[in-house]
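Open the model in a viewer and keep the selection panel at hand. The stops below go from a strand pair to the sheet, then to the cores and the ligand.

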Amino acid sequence: MNPSLPVFGAGLLAGTMNALAGGGSFVSLPVLIAVGVPSVQANASSTVGLFPGAAASAWAYRDGLGPIGAVPLRPLLITTLIGGAAGALLLLWTASSTFDFLLPWLLLIATVTLGFGRQLGEALRRIAPQEPAPAPASFLAMGQKRDVLRLSLNELHGVAPAPVDAVPLPAGAPFGAVEVDVAGCTLCLSCVSACPTGALSDDPDRPMLRFAESACVQCGLCKATCPEKVISLVPQLDFRAASAAPRVLKQEEPFHCVRCGKPFGVKSTIERVIAKLDGKHWMYQGAGNRLEALKMCDTCRVAAVTEAGFDPYGAQPRQRPRTTDDYLRERESKPKS
Ligand code: SF4
Ligand code: SF4
């Protein structure tokens with residue numbers, strides 16, 4: 001039989017196989033050896049003969065060219081070229097008898113690789129090193145227990161796979177915020193006096209209530225002290241708190257003394273007190289409206305009251321409270337029946 005016919009058919013089939021999935025040499029190489037070409041020449045001829053088909057299919061598939069996994073295309077190309085050149089040189093330097101011995105084994109390796117490539121890849125991926133463990137933190141654990149705990153939690157937050165800004169905590173946790181119902185707050189600042197850590201603070205120049213969450217230990221003293229019962233505790237760990245400035249919970253305009261203009265007290269509170277006392281208390285009835293005194297600072301109030309000659313003890317004498325002696329005396333004075 002004319003050997004050209006099987007070689008032509010093998011070349012056609014091998015080129016198609018290479019374009020579809022690879023492995024064309026499995027057809028072309030045995031056919032060339034079968035028609036009497038020595039194994040080394042047969043391998044070289046097969047490689048050269050199939051190259052145009054490989055180049056044509058590479059051009060057709062060019063849109064799909066890209067990195068494989070994390071390895072970019074350029075290093076892959078360079079590695080392939082170096083490997084191909086090394087293999088070709090090795091083939092040229094190898095005696096035909098040696099290659100005849102090696103060829104079945106090489107074909108076996110290639111067959112196994114082709115047949116079990118997917119499984120081999122998955123197995124290799126399983127033993128591949130996973131995500132490296134985060135580097136140990138390098139902060140210096142300084143300060144009180146609370147500072148060290150917050151520092152450690154912030155470090156953990158920094159390496160968390162999905163960090164969140166705030167984590168709710170159970171009641172009684174030593175981290176958290178306070179919420180104030182500002183509509184009911186009179187800015188009496190009792191909570192500021194009660195807070196042992198300075199988390200709640202005021203402003204010396206204007207009526208204001210501020211809160212620094214990083215300092216709050218959720219002791220609840222402010223809640224227990226508030227006369228208006230408008231404070232509630234919110235246990236949570238807010239990772240933004242450490243770097244946040246104290247936030248203003250409530251602020252109001254101060255009242256200005258009607259005599260000297262000095263700011264004092266809270267405007268809304270003074271106005272509410274005046275509305276409650278106006279005409280309803282003996283001290284604020286009749287001529288010489290003393291309500292003006294409530295609109296003055298402590299210094300001006302004393303001066304105004306002194307100037308007006310007001311006698312704080314000038315009220316009607318109160319009825320003397322009844323005591324046990326009164327009851328006994330009454331009982332003894334009653335005629336005995
Ligand atoms: S719960 Fe305690 S530490 Fe926190 S603001 Fe109130 S008084 Fe201050
Ligand atoms: S104690 Fe209550 S009413 Fe007074 S300032 Fe604080 S939150 Fe407001």
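**Strand pair and sheet**

Select valine 167: its bridge partner in β5 is leucine 237. This is a predicted model, in which local features need pLDDT of at least 70 and side-chain atom pairs count only at pLDDT 80 or more, while totals for chains, interfaces and linings use all residues. Residues are numbered from 1 along each chain as its sequence is written, and chains are lettered from A and ligands numbered from 1 in the order in which they are written.

Strands here are DSSP runs (E, at least two residues), numbered from the N terminus, and two of them pair if DSSP finds at least two bridges between them.

**Cores**

Next, select Val178, Cys191, Cys195, Ala199, Leu200, Cys222 and Ile231, the residues with the most contacts inside the largest nonpolar core, which has 15 residues. A core is a set of buried Ala, Val, Leu, Ile, Met, Phe, Trp, Tyr and Cys residues joined through C-beta atoms within 7 Å; buried means 20 or more other C-beta atoms within 10 Å of a residue's own, with C-beta atoms placed from the backbone. β2 (176–180) and β4 (206–211) each give two or more residues to this core.

**Ligand**

Finally, select ligand 1, surrounded by 14 residues (C-beta atom, placed from the backbone, within 6 Å). The closest are Cys195, Ala199, Cys216, Cys219 and Cys222.

How values were computed: A residue is buried if 20 or more other C-beta atoms lie within 10 Å of its own, exposed if 12 or fewer, and partly exposed in between; C-beta atoms are placed from the backbone. Helices (H or I, at least four residues) and strands (E, at least two) are DSSP runs, numbered from the N terminus.
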